[in-house]
Amino acid sequence: MGLPPAVLLKWLRAAGEPSRLRLLALCADAALSVSDLARALKQSEPRVSRHLKILSESGLIERQPQGQWVHYRLAAAPEAASFARGLLAQLDRRDAQLLRDATNARAAIAADAQPAGHGTESRLGRALAEFVKAGAPGVVFDSVLVVGVTHPELLEWAARSARQCTALGARAFAERRGFTCRVLTAAGDDARFGSELLHGGAHFDALLLDHPADSGEALGQMLAQARGLLVLKGRLWMFEPYDSLEGSRGRVIEHPLARLRRLLEGAGLHCERLSPIEADGEHVLAAFARPLAEGPVLTTHAEGAA
């Protein structure tokens with residue numbers, strides 16, 4: 001007996017996105033945590049959590065509690081498992097991206113198994129941390145928020161430079177290093193920050209966004225929300241893959257640096273420093289900005305055409 005068309009379409013929509021297909025391939029090989037999967041894909045935990053939610057709600061993967069953590073694995077339901085494995089059987093497992101994902105996942109699992117104090121540092125992470133330090137030499141902040149801890153060196157800087165550190169994601173790394181950070185999990189429909197932050201009245205002296213968004217439109221919306229979480233004299237650092245900012249406005253090609261500067265200004269943030277950083281085979285744009293006193297100066301709805 002065949003499947004209802006609605007079920008098949010639900011599975012196809014869930015798996016028919018590059019990052020989710022990569023996640024499905026990893027979950028078919030092992031049960032992995034959000035932190036493991038984020039490190040495997042080199043994406044932020046909030047971004048990976050959103051993809052996992054879609055896959056989980058479709059029934060292609062399932063949550064597996066392991067102690068105080070939750071891991072994700074391929075669904076045990078026969079129809080869903082058969083569909084997923086049949087789909088993955090069409091993949092060329094020699095693909096360079098899939099091989100990198102598998103290698104990164106094994107490294108993440110090995111890092112989690114190390115005793116406390118063992119880090120997962122990288123040349124790029126250290127370079128980004130140095131960029132942050134240059135914008136706040138010797139400053140001790142009252143409160144810092146870190147969103148999307150793709151590079152744990154940034155969380156380490158925040159934990160050592162703030163009286164109160166809050167992180168969205170990266171619970172495993174924070175606990176392994178013994179950092180006294182308040183760790184939140186993205187939840188609800190309030191874009192990247194979650195309802196607890198956006199509606200809780202919290203404000204921060206500094207905010208770090210590590211690989212935060214999927215598109216120009218999403219990034220513009222997130223920056224506007226970030227502006228609302230900063231105190232008037234606060235500081236914002238953000239790091240975004242260079243290629244995610246490549247695009248055009250209508251028929252005009254827009255350079256990634258110009259695009260990021262415009263998005264920051266549109267969200268009510270004055271860009272004081274913008275620098276390309278390249279290491280470990282990755283090319284990232286790093287930005288340092290402060291709030292404009294008058295708030296946002298333009299909207300970013302047109303970004304959807306980029």
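**Exercise 1. Work out whether E130 is buried, partly exposed or exposed, then find its salt-bridge partner.**

Solution. Start with the number: E130 has a relative accessible area of 48%. The exposed class begins over 50% and the buried class lies under 20%, so E130 counts as partly exposed. Keep in mind that this is a predicted model.

Next, look for the partner. The side chain of E130 meets that of K133 in a salt bridge, at 3.5 Å from N to O. Now place the pair: both sit in helix α7 (residues 123-135), 3 residues apart, which is about one turn of the helix. Finally, check K133 itself: with a relative accessible area of 38%, K133 is partly exposed.

**Exercise 2. Classify both ends of the salt bridge between D92 and R94.**

Solution. Begin with the contact: the two side chains meet at 3.1 Å, N to O. D92 has 40% relative accessibility, so D92 is partly exposed. R94 reaches 70%, so R94 is exposed. If you search the whole structure, you'll find 9 salt bridges.

**Exercise 3. Explain why strand β8 is largely enclosed, and name the strands it pairs with.**

Solution. Count the buried residues: 9 of the 12 in β8 (residues 230-241) are buried, so the strand is largely enclosed by the rest of the structure.

Now look at the pairing. Strand β7 (residues 204-210) runs parallel to β8, joined by 6 bridges, and F204 stands opposite L230. Strand β12 (residues 282-291) pairs with β8 in the antiparallel sense, over 6 bridges. There, W237 has F288 in β12 as its bridge partner.

**Exercise 4. Say how many residues of helix α3 are buried, and what comes just after the helix.**

Solution. Count along residues 34-41: 8 of the 8 are buried, so α3 is largely enclosed by the rest of the structure. One step on, just after α3, K42 takes a positive phi of about 60°.

Conventions:
Residues are numbered from 1 along each chain as its sequence is written. This is a predicted model: local features need pLDDT of at least 70, side-chain atom pairs count only at pLDDT 80 or more; totals for chains, interfaces and linings use all residues. Side-chain values use heavy atoms; hydrogens and water are left out. Buried means under 20% relative accessible area, exposed over 50%, partly exposed in between (1.4 Å probe, protein chains only). Helices (H or I, at least four residues) and strands (E, at least two) are DSSP runs, numbered from the N terminus. Two strands pair if DSSP finds at least two bridges between them. A salt bridge is a side-chain nitrogen of Lys or Arg within 4 Å of a carboxyl oxygen of Asp or Glu.
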